[in-house]
Amino acid sequence: MPSLHPTHQTNSTARLWPSAAGLLLAALQAGPSHAVENGGIITPPGVYDFGAGMLPPASDVGAAAIRVVSTRATQLRDSAGNISPVKPDLKADLLVLAGLKMTDKDLLGGKYAYGVVVPVVLNGSLGLRIPTPDGTLQQSGSNRGVGDVQLYPVVIQWKPADGLFTNAGLMVQLPTGAYDKHRAFNVGTNHWTIQPNFQFTYLTAGGLEFSGSTQVNFNTRNTATDYRSGMEFQQDFGVGQHVGDWTIGMAGYVYRQITDDKGPSVVDGNRARVNALGPAIGFFGPKHHLPLVYMHVYKEFGARNRAQGTQAAIRASWVF
């Protein structure tokens, strides 16, 4: 979901603007035996931490967000979770631009909004060291540019109870990013993705926050490779304490591929999984006339059939 900027008042906090923007992490291409096609998560988790359930108020222009993400991975895990002898060196730095327009229109008991997310890969590269009987084979590649654009034609915000904020939406990811099946690193996936999603935020009277985002990806076939990645489940979460203008806590995500891949090179379904956890911090001081800023650093663990690494992100958001 795109940028979120709530202005609702609760007993525990003056105002909270939640996370900005979705992102696209270009696929890690470590061969067909690792996870969804080329070993990447189609719409990577880790976008939401605090304030996931809250959307901005209606405004003349709408809300905007900028998110900078840096991802590194130097391990590849097999289907049993063991370190693969194939050694990857993945680097991906992204700038993500997002916009969300909240309206005054009622829909299904809530308020209707729509939005768009445009990811730009500033620097993306992948190196592979593959052991063979004749020595180590090295492959590498890089790519940069606009990735797969995400459209949010329907987003609905509800406030079912005091301190509880929820929203649900539908994301359509378009195959707009450059793609070449012979390239080691691509900024696009060359297929469509449909993603229903649901977010919530609960704030206690003492300023303790629980937030989460649940998403499921339905992927179409990559016509260049005749490969269809399986269905993916993503759960982002954050738990933090509000102290003045600051929110301090822990956040992370759980990713599971819940159906098999289908394609000419699929042997055992190639289902992937990974978890991540790390510190998260947010700042929003309306009296300073500054945007909300959130930062987190995640360490992945428990990976299977995919790379395992780290993610650092900082995001800022505004309402106009």
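Student: How do you know that Glu300 forms a salt bridge with Arg306?

Tutor: The closest N and O atoms of Glu300 and Arg306 are 3.2 Å apart. A salt bridge needs a side-chain nitrogen of Lys or Arg within 4 Å of a carboxyl oxygen of Asp or Glu, so the pair qualifies. The model is predicted, so local features need pLDDT of at least 70 and side-chain atom pairs pLDDT 80 or more, while totals for chains, interfaces and linings use all residues. Residues are numbered from 1 along each chain as its sequence is written, and side-chain values use heavy atoms, without hydrogens or water.

Student: Why is Glu300 called buried?

Tutor: Its relative accessible area is 8%. Buried means under 20%, exposed over 50%, and partly exposed in between (1.4 Å probe, protein chains only). Glu300 is therefore buried. Arg306, at 7%, is buried too.

Student: How many salt bridges does a search of the whole structure find?

Tutor: Six. One of them joins the side chains of Asp49 and Arg315, at 2.2 Å from N to O.

Student: Why does the pair of Asp49 and Arg315 tie together parts that are apart in sequence?

Tutor: Asp49 lies in the segment before β1 and Arg315 in strand β15, so the linked parts are 266 residues apart. Both Asp49 and Arg315 are buried.

Student: What makes Asp260 and Arg271 a salt bridge?

Tutor: Their closest N and O atoms are 2.6 Å apart. Asp260 and Arg271 lie in the loop between β12 (246-257) and β13 (273-283), so this pair ties together parts eleven residues apart in sequence. Asp260, at 33% relative accessibility, counts as partly exposed. Arg271, at 40%, also counts as partly exposed.

Student: How many helices and strands does the protein have?

Tutor: Zero helices and 15 strands. Both are DSSP runs numbered from the N terminus: helices are H or I, at least four residues, and strands are E, at least two.

Student: How do you know that β1 pairs with β2 and β15?

Tutor: Pairing requires at least two bridges found by DSSP. Eleven bridges join β1 to β2 (residues 87-107), and the two run antiparallel. For β1 and β15 there are 14 bridges, again antiparallel. Ser70 has Asp93 as its bridge partner in β2. Arg67 has Arg315 as its partner in β15, and Arg315 also meets Asp49 in a salt bridge.

Student: What makes the nonpolar surface patch?

Tutor: Val61, Ile66, Val68, Leu97, Met295, Ile314, Trp318 and Phe320 make a patch of about 680 Å². Two elements give two or more residues each: β1 (63-77) and β15 (306-319). Patch residues have over 30% relative accessible area and no salt bridge; like charges are joined within 9 Å, nonpolar side chains (Val, Leu, Ile, Met, Phe, Trp, Tyr) within 5 Å. Areas come from the Shrake-Rupley method with a 1.4 Å probe, and for residues only the protein chains shown count as cover. Phe320 lies in the segment after β15.

Student: Why is Pro153 called partly exposed?

Tutor: Its relative accessibility is 36%, so Pro153 counts as partly exposed. Pro153 is found in strand β5 (residues 150-161).

Student: Which residues is Pro153 in contact with, leaving aside neighbours within four places in sequence?

Tutor: Tyr112, Ala113, Tyr114 and Leu170. Contact means heavy atoms within 4.5 Å. The C-alpha atoms of Pro153 and Gly115, 38 residues apart along the chain, are separated by 6.6 Å.
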